[in-house]
Amino acid sequence: MTVTEDRPTREVGSARRRKEDARLITGRTRWTDNITLPGMLHLAMVRSPFARAKVASIDIAAAKSAPGVLAVITGKDIAEEQGATLPCAWPITEDQKAPNHPAMAIDRVNFAGEIVACVVARSAAEARDAMELVDVEYDEETPVLDMATAAEGGELTHTDLGTNVSATWVFDSAEAGAGTNVDDEISKAGQDGVVIERTYRQQRLIPAFMEPRSTVVDPTGEQTTMWSATQVPHILKLMAALTCGISESKLRVIAPDVGGGFGGKLQVTPEEIITLVVARRLGKPCKYTETRSESLMVAHHGRDQIQKLTLSATKDGTVTGLKVDLLADMGAYLGLVTPGIPILGAFMYNSIYKFAAYRFTCRNIFTNKNWTDAYRGAGRPEATYAIERMMDELAVEIGVDPLEIRERNWIKHEEFPFATVAGLEYDSGNYEAATSKARELFDYDALRAEQKQRRDAGDKVQLGIGVSTFTEMCGLAPSRVLGALNYAAGGWEHASVRMLPSGKVEVVTGSSAHGQGHETAWSQIVADRLGVPFDDIEILHGDTQTSPRGLDTYGSRSLTVGGMAVIAAADKVIEKAKPIAAHMLEANVDDLEFKDGAFTVKGTESSKGIGEIAFAVFSAHDLPDGIEPSLDADATYDPANFSFPHGTHLCAVEVDTETGEVVVRNYTCVDDIGNVVNPLIVEGQVHGGLVQGIAQALFEEAVYDDAGTLVTGSFVDYLVPSAADLPSFTTDRTETPATGNALGVKGVGEAGAIASTPAVVNAVVDAVRHFGINDIEMPCSPHRVWTALQHASSGDATPTGNPTVDDAALPSHNATTSEGSTDEGGAS
Amino acid sequence: MVRINVNVDGVGYSDDVEPRTLLVQYLREQVGKTGTVVGCDTSNCGACTVHVDGSSVKSCTMLAVQADGHEVTTIEGLATNGELHPMQQAFHEQHALQCGYCTPGMIMQSISLLKENPSPDETEVREGLEGNLCRCTGYQNIVKAVLAASKAGA
């Protein structure tokens, strides 16, 4: 055979329309809740309405005799089978305090929504009807709800722990040998430079994936099969087995089509464990699907931090030191990676800037709220928000443009690789190029001119311009680094490539897509590598039986880690095929070259396609002596470093000074995520990330009342933005390849969400700064903006009390956690 | 139980339903139209949008008994003879979906939108889709898809 002229063009880099779409746009989908099995029973969960209470008694009699009910199960009934506690895989310190977290509460509840019993019935409706009949008596206790108060002692969330502080984690650049002493830098700047102190609030958010979580467990047969709407089928399999004392080999977990996650489905949930335990106990398939209200109430939340920041700089605006004191609200329990979320931000506060010194201290605090855990960006959006807000404050203090202050301090493109003050090595980047492109696309100078004109004219609608020049660490994660951070698992990923006799290719990946488009992107990669047509490649994922090894999808890791495993497996296939091709071509191995899907004897027309070789291997009639009759190959890839996407995001908002309404007028971003496999998918990821970040800035907040009840428990109250709330974005890219992986790719899943929040809030503050406002707490709702403007015009620096007016007037102490503050105090 | 006769995606069904059964539950659990999904409890998200007699309806806001004698079209009934509806094609071409969970409802609403206003501008598209939430795409490519479908005369 000769190589045909119509060989596949290069797939990587092309805007392939997605393979996944065919089933998703026609309704031929396999969501977990679509699965129905013969004799399947349905679970409904009885949840505590109280945030902190002893469970005095549970009367199940009425529920048990309700129509269709097979069983009513309490925590005491399954205390042994459910195990002592749900897993937390990331104890960040040796002395971390953690309460036991049984899937179903046994004698006390620690947040509103915790499960105290479940009803098992023949239909979902019957289960829910009977759920209302379970009579639980609670002895209510005073809930601990304010993390700042909780951090200082007083009422305890968990009495037996003796403290509300789960752990204190510190990174100090001087101790780590990555920089100088931060206190020295701050004290020096106090003498002859600039010191700025601020306190920012990262409000509590809800991931709010569109598909509510659902779990189906089939205990019949030798292995128990669990389908679940999860991002992490492999982790779930291991953790569920360990938690319930089931042999790992007796459990199979399948993540079928999964409708979004954003970190929210990176969890081992009480509902999954309860469904598993109940199905095994009753010997019948069981299903539990949450309602949206349950999802908002008990699926883990994100963010919820108080960030106290001190930045020092020289008089000309060169940054010298950064001190971060963080309080992070864990909620009532430590979920799968809860304690590590703020720590993922620890390495990013210094961002793209050349600080000499840095210290990060985080205290993880328990309160009687739903637990927090990963949400898109996980620690890095919080860090980026803090530093990008602070850089704007520094620009104001020095009296230069916010882009200028950044340029004075960022790492120049010729300075890579760059060892940061937080102990990371950034491999590559070009902040100048991205910023220059963004500036041009945005028409920065024209907008600044318009802003000045409107400000001078005293327009009722003011224009604000916000900047965010972010970077992030993604591609989680080098296993050694995770080990050093005390994380329980590694950060590798696994793949295998199976060559079928027909010449088709099955690629098994440990990555577990839930909207990312892996089936398309992985096919593009393998098509180029093996020279087979895009459509001949099938991507298999999300089933621990077909994909036995994997660490799943989160932390923008799929392409940079999982994709590299796919490449390594494909390369092994080529290596295995080579001696067989040589045998078939009667040539020397060293005389062969592999290109466009075929081995060719150098300098001749003689060649064998990979598909032909696959069939020859299948028949195995004439293979060289000692050759295994298989081309299939496995590979496990462990990255040596993170990758560091970056970008420049520019936002223009219009703020109505009479109503406080904020309208995003223009949003332009230029991201550098290295080389790109599929620009269409990349652009989509950026769009979605931007909106989640903008939503944090302007719309979303999980709000609890004084009793610890979530009052944003439906989409009526939790404001996921609609199409009508948003503009179209201008997105573009620069491409500075990552140096650490075969494709030069970085990662894009979280970039938009990390970068956009500070760009928007910087723009809002910029629009009203001339009224003396330097902060508006997120979300910058019309009410909050209006309130800040009212207080500014009345000269009241501190509308909601903390800090006091006197504090605000002190040099270097105009921090606030309230709805607005003025900056007449300035910095010293 | 109440007997209802409903035409779903061109097929007549005669079923007994509990009077409290929502149309979306009937479609998913009795007719097997699992392409239509449930995303919330409060009629905010629009994931369950179908057409009843040609108009878009959030099928969680309607009882199955109210569909008695009516024609329901779901996402599964849009393609004819293996040929995608132009709106499905536009969603694919413009990369207007990621996880795909909101997609059935979004497509059904988009078709309805163009039926009412065949040549909307961007603002009209955004406002016309206000009742359908998407968490993945940021809506930009959904808006592009609807505008493209409008241009193609869908």
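Residues are numbered from 1 along each chain as its sequence is written, and chains are lettered from A in the order in which they are written. Because the model is predicted, local features need pLDDT of at least 70 and side-chain atom pairs count only at pLDDT 80 or more, while totals for chains, interfaces and linings use all residues.

Beyond its neighbours within four places in sequence, Val526(A) is in contact with Val497(A), Val505(A), Val507(A), Ile537(A), Val566(A) and Ala570(A), where contact means C-beta atoms, placed from the backbone, within 7 Å.

Arg303(A), in strand 13 (residues 302–314) of chain A, is buried because 29 other C-beta atoms lie within 10 Å. Setting aside neighbours within four places in sequence, the contacts of Arg303(A) include Gln202(A), Tyr375(A) and Glu382(A).

Two helices of chain A come next. The axes of helix 19 (residues 679–698) and helix 20 (residues 751–768) of chain A come within 7 Å and cross at roughly 40°; axes are lines fitted to C-alpha atoms, for helices over the stretch in contact, and angles run from 0 to 180 degrees between N-to-C directions. That angle makes helix 19 of chain A oblique to helix 20 of chain A, since angles under 35 degrees count as roughly parallel, over 145 as roughly antiparallel, 65 to 115 as roughly perpendicular and the rest as oblique. By class, their contact has 11 nonpolar, nine polar and no charged residues. Ala, Val, Leu, Ile, Met, Phe, Trp, Tyr, Cys and Pro count as nonpolar, Asp, Glu, Lys and Arg as charged, and the others, Gly among them, as polar.

In chain B, helix 1 (residues 23–30) is mostly covered, with six of its eight residues buried. Those buried residues pack against strand 1 (2–8) and strand 2 (11–17) of chain B. After helix 1 of chain B comes Gly32(B), with a positive phi near 80°. The buried residues of helix 2 of chain B pack against helix 3 and helix 5 of chain B. Helix 3 and helix 5 of chain B in turn pack at an angle of about 40°, their axes 11 Å apart. The residues of that contact are Met106(B), Ser110(B), Leu113(B) and Leu114(B) of helix 3 and Ile142(B), Val146(B), Ala149(B) and Ser150(B) of helix 5.

Finally, the two chains meet: 45 residues of chain B are in contact with 39 residues of chain A. Helix 2 (86–93), helix 3 (103–116), helix 4 (122–128) and helix 5 (140–151) of chain B each give two or more residues to the side that touches chain A. That side of chain B has 20 nonpolar, 17 polar and eight charged residues.

Methods
Helix = DSSP H or I, 4+ residues; strand = E, 2+ residues; numbered from the N terminus. Buried ≥ 20, exposed ≤ 12 C-beta atoms within 10 Å, placed from the backbone.
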